[in-house]
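Try each task with the structure in view, then walk through the solution step by step.

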Amino acid sequence: MPSPKESSPNSTLMTVKRMSHKVLDHSQLSRSAKSSLFSTISFAAIFFIIYADIFVSNLPMHTIDLRSHEVLDHNHVQTQVAQEQIESALTTEQSTPQPSIQAKIEELEDEIRDPLVPPENATREERLVWFRRKLPELGIIKSDKLSQQFHSRVLEFHNHGCSLQFYMVWLSPAKSFGERDFLTMDTLFKSHPQGCLMIISNSMDSARGYRILKPLLDRGFKILAIAPDLPFLVKNTPAESWLEELKSGRTDPGYIPLSQNLSNLIRLAMLYKYGGIYLDTDLIILKDLSGLRNAIGAQSLDSESKIWKRLNGAVMIFDINHPILLDFLEEFATTFNGNKWGHNGPYLVSRVIARLERSGRSLDYNLTILPPEAFYPLDWIRIHRIFRKPERQSESRAVEITLNELNASETYAVHLWNKRSRQLAIGEGSVMARLISEHCVICQDLYVS
């Protein structure tokens with residue numbers, strides 16, 4: 001996340017409410033024979049490894065260690081099917097012929113490759129040529145047979161007695177959905193056991209995604225990974241024309257991975273179409289969020305005026321069809337910049353609300369701007385501190401003080417600034433370890449980074 005460097009809006013701003021080869025001779029023929037023997041042995045080894053992996057992945061499903069997600073052949077298995085159908089499909093797979101080695105390798109490559117990441121150091125013209133060539137691969141921006149079921153699946157899922165509707169967006173391969181991302185869901189259901197969580201994701205709406213989510217599903221929590229229908233989400237919004245321009249290949253996606261900016265767009269569109277609570281996947285949820293409405297959190301305050309300097313969209317709570325969301329979508333469409341980090345995310349919500357406050361229209365929107373302690377009690381520079389294992393008595397006391405402050409204050413969640421903290425190990429007895437142990441349901445892989 002960006003460091004707080006933007007200047008404060010003017011004094012008319014709202015006061016803060018308290019509270020993410022070949023020439024052959026004899027010798028060469030000899031070497032060639034040896035090479036063929038070596039290739040045969042290598043092929044046999046690869047064959048053994050891959051089919052050993054298939055055998056392991058076909059074992060009965062139990063609560064899994066998230067460090068060992070198997071590669072599955074799940075081209076025809078989607079999580080919109082009932083749980084029983086998925087498990088039946090996996091059982092059927094065991095009795096059918098296994099795919100060829102080449103098919104297995106191609107499946108693995110498809111899982112790892114992300115077509116939304118542009119080539120490094122490309123000029124604008126080179127990037128546009130690349131993007132137009134990649135357009136057929138970008139299923140996320142099109143409707144297909146699965147995504148066209150999106151709206152009906154959303155409505156059906158929300159009809160399950162949800163106390164609150166939560167959304168996350170995951171546009172990376174399911175293989176990269178890790179322990180830290182799982183912790184956000186784990187702590188969410190601790191404080192919201194009757195909540196419904198929807199993960200907007202093509203990759204997680206799969207057999208692999210189902211296996212990742214299974215530990216929570218087995219405990220009865222309501223969670224659904226669902227492939228989005230982006231054209232439907234932006235239809236009749238200011239972002240509809242932007243998407244059409246993107247699909248035509250006339251819009252420069254920028255050097256920042258397009259998935260980041262599509263994530264920004266999808267969260268806004270989901271909240272506008274359905275209402276609810278959007279969450280990044282690098283949060284530890286501490287408290288019930290049901291008392292918040294039409295709220296967004298300040299990331300930083302001006303040291304003197306105590307008026308917000310920057311807002312952040314890692315947590316957003318809005319009613320369905322709230323007008324500020326249309327303003328956000330219009331800002332996204334008219335000012336899109338894929339070369340400036342944060343421009344279409346935290347800077348966007350800050351720009352729009354600052355303009356509203358300058359115009360005196362913010363009161364008409366019934367917005368609540370929460371102070372940094374609500375979701376961002378530690379900034380990205382200091383976040384490493386809560387991962388450290390206390391080595392001295394004074395450090396142990398500091399851990400207790402910090403925990404008491406977080407639990408007693410108006411802190412609803414702790415944003416972990418994943419770009420800074422993802423590789424940090426969770427020290428035993430650290431603030432992070434204690435927070436997770438006190439606010440998790442499954443609490444697995446606690447000390448894995």
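## Exercise 1: Two strands side by side

Met198 stands opposite Leu224 in β3. This is a predicted model, where local features need pLDDT of at least 70 and side-chain atom pairs count only at pLDDT 80 or more, while totals for chains, interfaces and linings use all residues. Residues are numbered from 1 along each chain as its sequence is written, and side-chain values use heavy atoms, with hydrogens and water left out.

Task: How many bridges join β2 to β3, and do these strands run parallel or antiparallel?

Solution. 
- Step 1. Know the terms: strands (E, at least two residues) and helices (H or I, at least four) are DSSP runs, numbered from the N terminus. Two strands pair if DSSP finds at least two bridges between them.
- Step 2. Count the bridges: β2 and β3 are joined by five, and the two strands run parallel.
- Step 3. Follow the chain: β2, helix α7 (residues 207-217) and β3 form a right-handed β-α-β unit. Right-handed means that, with the strands pointing away from the viewer, the path from the first strand over the helix to the second runs clockwise.

## Exercise 2: Which way do the side chains point?

Task: Which residues point one way from β3, and which point the other way?

Solution. 
- Step 1. Sort the residues: Lys222, Leu224 and Ile226 point one way, and Ile223 and Ala225 the other way.
- Step 2. Check the covering: five of the five residues of β3 are buried. Buried means under 20% relative accessible area, exposed over 50%, and partly exposed in between (1.4 Å probe, protein chains only).

## Exercise 3: One side of a helix

Task: Which residues of helix α5 (residues 150-157) are buried, and on which side of α5 do they lie?

Solution. 
- Step 1. List the buried residues: Phe150, Arg153, Val154 and Phe157.
- Step 2. Look down the axis: they cover an arc of only 100°, which puts them on the same side of α5. The arc is that of the directions from the helix axis to the C-beta atoms.
- Step 3. Recall a general rule: an α-helix has 3.6 residues a turn, so residues three or four places apart point the same way.
- Step 4. Find the partners: the buried residues of α5 pack against β2 (196-200), β3 (222-226), α8 (230-234) and α10 (258-274). Contact means heavy atoms within 4.5 Å.

## Exercise 4: Strand β4 and its partners

Task: Which way does β4 (residues 276-279) run relative to β1 (residues 165-169), and which way relative to β7 (residues 308-318)?

Solution. 
- Step 1. Take β1: two bridges join β1 to β4, and they run parallel. Phe166 has Ile277 in β4 as its bridge partner.
- Step 2. Take β7: four bridges join β4 to β7, and these run antiparallel. Here, Gly276 stands opposite Phe318 in β7.

## Exercise 5: Salt bridges

Task: How many salt bridges does a search of the whole structure find, and which parts does the pair of Arg124 and Asp252 tie together?

Solution. 
- Step 1. Use the rule: a salt bridge is a side-chain nitrogen of Lys or Arg within 4 Å of a carboxyl oxygen of Asp or Glu. The search finds 16.
- Step 2. Look at one pair: the side chains of Arg124 and Asp252 meet at 4.0 Å, N to O. Arg124 lies in helix α4 (residues 124-134) and Asp252 in the loop between α9 (239-248) and α10, so the pair ties together parts that are 128 residues apart in sequence.
- Step 3. Check the covering: Arg124 is partly exposed at 43%, whereas Asp252 is buried at 12%.
- Step 4. Arg153 is in helix α5 and Asp205 in the loop between β2 and α7, 52 residues apart. Both are buried.

## Exercise 6: A positive phi

Solution. 
- Step 1. Read the angle: phi of Lys306 is near 65°, a positive value.
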